[in-house]
Protein chains: 2
Amino acid sequence: MSDGINVAVLGATGAVGQELLALLESRQFPVKNLTLLASPRSAGSKIKFLNQEITVEAVKDDSFQDIDIVLASAGGSTSKAYASKAVAAGAVVIDNSSAFRMDDDVPLVVPEINPEAAAQHQGIIANPNCTTILMGVAIHPLHKVQPIKRIVVSTYQSASGAGARAMAEVETQAQAILKGETPKPEILPYPLAFNLFPHNSPLGDNHYCQEEMKMVNETRKIFEAPEIRVTATCIRVPVLRAHSEAINLEFAHPFDVAKARELISAAPGVKLVEDWDKNYFPMPIDATGEDDVLVGRVRQDISHESSLELWLCGDQIRKGAALNAIQIAELLVEKDLLKLSQKMTTV
Amino acid sequence: MSDGINVAVLGATGAVGQELLALLESRQFPVKNLTLLASPRSAGSKIKFLNQEITVEAVKDDSFQDIDIVLASAGGSTSKAYASKAVAAGAVVIDNSSAFRMDDDVPLVVPEINPEAAAQHQGIIANPNCTTILMGVAIHPLHKVQPIKRIVVSTYQSASGAGARAMAEVETQAQAILKGETPKPEILPYPLAFNLFPHNSPLGDNHYCQEEMKMVNETRKIFEAPEIRVTATCIRVPVLRAHSEAINLEFAHPFDVAKARELISAAPGVKLVEDWDKNYFPMPIDATGEDDVLVGRVRQDISHESSLELWLCGDQIRKGAALNAIQIAELLVEKDLLKLSQKMTTV
């Protein structure tokens, strides 16, 4: 690997794909060759990477020869269709979709939380749901010290979670509404500008939507703590690209707030942002473009002696998706986990 | 009173004042004479009411002669300065500010919840905080059947809670941001368009802001249930005039969800809005201009067997403020509680 890694980005033209490319550049990932893959619709477009101009190719079954790492962010059905081909060709797939996240033989990795899980991969590593990653990096430092018993979380999720076209729709909608028009939503199911609504992923029999159940199930898997009880209310808000979350954490015993702040301050991937005198706490506009999840309003819950509350904002496209995937790729290189995987898949 | 009620609106030119006037008209409140009062700054402006044009007068100590009901929405300091003058002159003051809400001899009334409390007034009746009213009408039908033990609520509060100028600021901010500008916030402390932030009311030593503590303390007082434990995270969102709330309710024993839906459906002031097949639930744009609080997503909390969750949206200016005040005035007339008060204050 000393001469670099052959990387393919699948879904190169999407919001997350674009961020993946920017991060490969800015973090000086040791890219040897970069292959850009997308749906036939997006094939042919040209994207600049470092000093090269690279043409986006339509993804095919044989797109993965000589690729070491596939960074996939083209949606669940594309990942399902091509991940096994990539793995068969010897690549490790870091998949942004939800397709494989709950598979027993697929590690679900947030490098700040469970880097060791990456070593168990059988060719696919899943990148968790965005709201789950952001919550995880913020609360895991506390969980390590005293296990969390129960989480009650309400989210304030940006348009970016529904893709670049949803982000654009919020802006054109706002423009139209300010002119007195009543625009018809096209990408999102309901108007989002100057409005908000519960997350529109399919609802299960238990009346939780898929987004909410991702927070429940993925948190348990990443924390390796199936006993944590989680309830989530996921709401889409008219913000462009940073999610916010109001989190209530119940422990078995009281958790000293000063200690909690200290742990969060010292934790990787998290930044404590709270100025109680100025009433200044994390906001989406401050989290946008930041690697760290901003956490503040860490306080004793006055309604329950063994509970704490906190508030966070994190860039949905960056740590919520692309950055976490790149960090997994960096982990594979650093710990020499690509070779291991290649050996395993060729056995 | 058969010949009508002499009504004064204090703060007639504000967002809530305007809504009070619209509701006095549309609900055909038996107004005999209407006096419009405001700060000297707003005095002299003319407002149409029914077929009259009424000139707004600067409020003075002797503004309350022959007034039966004062609807006050001019802020806490104005209420503190003039309420006792109005009561001394024989009026009943229905006060929208937080000035008297927690006073032991001031009833805090939501007519759907504790109408009987109004009868105890000594000249002043307080109209509760907007988020508290909206939550109260939604959850009290359940509390009556099985007492609520604990509430964990996260709010999504519209700009209207900070007044008409904050609403205008969100729109001009959005306009500027869409043009690529970076507007300076003037009314609100931080940009709100395409952003959100924790409620900026002053923070207490317990690290809860005043808005949050209103939800805690006023809910207990209205419900006459000082034992309810409440924690609230109040967040300002870029929505114009309807608040939303994600509410988690803990009971001592499991609460049947079907029964909860039935109770909410049958309750006054509340409308159950949930289409699980279409993923359609209350939204601020649907609650705007509505009298009822829209409630949906009533479900069993999967993290706690004795807890339920629900989601609501309610018009902050209407049921959150003006409508509730008018309903209190209607109650006073209907139950003949003005006379009682006048007798008491003249003894």
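**A tour of chains A and B**

Between chain B and chain A there are 40 residue pairs in polar contact, both residues at pLDDT 80 or more (a polar contact is a pair of N or O atoms within 3.5 Å; within protein, one must be able to donate a hydrogen and the other to accept it, and residues adjacent in sequence count only if both atoms are side-chain atoms). This is a predicted model, in which local features need pLDDT of at least 70 and side-chain atom pairs count only at pLDDT 80 or more, while totals for chains, interfaces and linings use all residues. Residues are numbered from 1 along each chain as its sequence is written, and side-chain values use heavy atoms, leaving out hydrogens and water.

Next, select Glu212(B) and Arg297(A): their side chains form a salt bridge at 2.6 Å, N to O (a side-chain nitrogen of Lys or Arg within 4 Å of a carboxyl oxygen of Asp or Glu). The two chains share six salt bridges.

Now hop to chain A and pick Cys130(A) and His243(A), listed by UniProt as "active site" in an unreviewed entry (such annotations may be inferred rather than shown by experiment).

Is Cys130(A) buried or exposed? Cys130(A) is buried, at 10% relative accessible area (buried means under 20%, with a 1.4 Å probe and protein chains only). His243(A) is buried too, at 0%.

Finally, show Ser158(A): the side chain of His243(A) reaches its backbone nitrogen at 2.9 Å.

Terms used
Chains are lettered from A and ligands numbered from 1 in the order in which they are written. Buried means under 20% relative accessible area, exposed over 50%, partly exposed in between (1.4 Å probe, protein chains only).
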